[in-house]
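Trainee: Please take a close look at one part of this model and walk me through the charged side chains there. I would like to see how they are arranged and where each of them sits.

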Amino acid sequence: MNSMWESLGPELWPAFWLTIKLTFWSAIGSLILGTILTAMRVSPVGILRRIATFYITTVRNTPLTLVLLLCSFGLYQNLGLMLASRESDTWLADNNYRLAILGFVLYTSCFVAESLRSGINTVDFGQAEAARSLGLNFGQTFSAIIFPQAVRAAIVPLGNTLIALTKNTTVASVIGVAEASLLMKSTIEFHANQLFLIFGIFALGFLILTLPMGVGLGALANKLAVKK
């Protein structure tokens, strides 16, 4: 057991810190792209609605592993997309890290869009009608009236999406990103006799990350709930 801690201890926090950074940047990107997809999904322009619907339906039903492999093998190895400078000594690790974030954004934004659309469905349609009667265009109505209420109503599903994203970061190991699950796999390879202990350590780590999210976002949802 001592040998396991000697090899695992110094690497445990850096691995979970990378998981936190993956979650943070992916969440921000997913919220931005998800908001754009939501606006397209409810837009009066038919072609935008069809594009958003096709994208969301397609990506949501594609395994996340395939999305990340597409970013790594398709965008980087076949198309030469570089998200890090080759002059850096860690360019390959940085490139894989940023490709993983890109993959998570492309995937998770679909669930963000659906969460926001569920929030939009709670907004009284009469408010949009009233806004149009006052001369507001779609962009003004969406940004000033519909979207703020939709976000408040969608805090719980958005929180569930954030928790799912945190757990989904474990898939980044398939393209060589050294986050927590990759460390767990390498630790198990050298200390297979302590399998359950290793699983318990990493399960506890993810529980520490996700449990405060659920509690905090639940309290925020109750505080900002739209009064009917």
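Mentor: R117 and E114 form a salt bridge, with their closest N and O atoms 3.3 Å apart. This is a predicted model. Both residues belong to helix 4, where three residues, about one turn of the helix, separate them. R117 is partly exposed, with a relative accessible area of 27%. E114 has a value of 18%, and the cut-off for buried is under 20%, so E114 counts as buried.

The general idea is simple: side chains of opposite charge can pair when their charged atoms come close.

Now take E114 and follow its other partners. The side chain of E114 also meets that of R41 in a salt bridge, at 2.7 Å from N to O. R41 lies in helix 1 (residues 2-41) and E114 in helix 4 (residues 91-120), so this pair ties together parts that are 73 residues apart in sequence. R41 has a relative accessibility of 19% and therefore counts as buried.

A further salt bridge joins E114 to R60, with an N to O distance of 3.5 Å.

The structure holds three salt bridges, and R41, R60, E114 and R117 are linked in a network of them. E114 pairs with R41, with R60 and with R117.

For another buried position, turn to S72. This residue has its place in helix 3 (residues 64-78). Its relative accessible area is 6%, so S72 is buried. Which residues is S72 in contact with, leaving aside its neighbours within four places in sequence? They are Q77, L99 and I175.

Definitions and conventions:
Residues are numbered from 1 along each chain as its sequence is written. This is a predicted model: local features need pLDDT of at least 70, side-chain atom pairs count only at pLDDT 80 or more; totals for chains, interfaces and linings use all residues. Side-chain values use heavy atoms; hydrogens and water are left out. Helices (H or I, at least four residues) and strands (E, at least two) are DSSP runs, numbered from the N terminus. Buried means under 20% relative accessible area, exposed over 50%, partly exposed in between (1.4 Å probe, protein chains only). Contact means heavy atoms within 4.5 Å. A salt bridge is a side-chain nitrogen of Lys or Arg within 4 Å of a carboxyl oxygen of Asp or Glu.
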